[in-house]
Amino acid sequence: MRPAPNQPNVGYGVNGDSVTIMEQLASFLPEADQSTAWNHIRLDNEPYTEGWVQGKFLLMLDAETVGSE
């Protein structure tokens, strides 16, 4: 399933929930606003819900940053 504004909500996360990005749909043009990219995510904790969320609602951390926390 692809992201679309008319799709029903499948769940929600709260501030600080860890997620895995499984796929990203974005424009890779230099002038593109990547905060509008759609990210197919899965919650890292139960209930492991999957869905789509825009990048403006995510804080991206690399593996090195996560390992030092």
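Reader: What share of the contacts with a separation of 6 or more comes from residues 24 or more positions apart?

Author: In the protein chain that share is 29%. A pair is in contact when heavy atoms lie within 4.5 Å. Keep in mind that this is a predicted model, where local features need pLDDT of at least 70, side-chain atom pairs count only at pLDDT 80 or more, and totals for chains, interfaces and linings use all residues. Residues are numbered from 1 along each chain as its sequence is written, and side-chain values use heavy atoms, with hydrogens and water left out.

Reader: Which elements does the protein chain have, and in what order?

Author: One helix and three strands, running β-β-β-α from the N terminus on. Helices are DSSP runs of H or I with at least four residues, strands are runs of E with at least two, and numbering starts at the N terminus.

Reader: Why do β1 and β2 count as paired?

Author: Pairing takes at least two DSSP bridges between two strands. Six bridges join β1 to β2 (residues 38-43), so the two are paired, and they run antiparallel. One example is E23, whose bridge partner in β2 is H40.

Reader: What makes β1 and β3 edge strands?

Author: The open sheet has the order β1-β2-β3, with antiparallel pairing. β1 (19-25) and β3 (50-54) each pair on one side only.

Reader: How many of the residues count as buried, as a percentage?

Author: Of the 69 residues in the protein chain, 14% do. Buried means under 20% relative accessible area, with a 1.4 Å probe and protein chains only.

How values were computed. Buried < 20%, exposed > 50% of the residue type's maximum accessible area, 1.4 Å probe, protein only.
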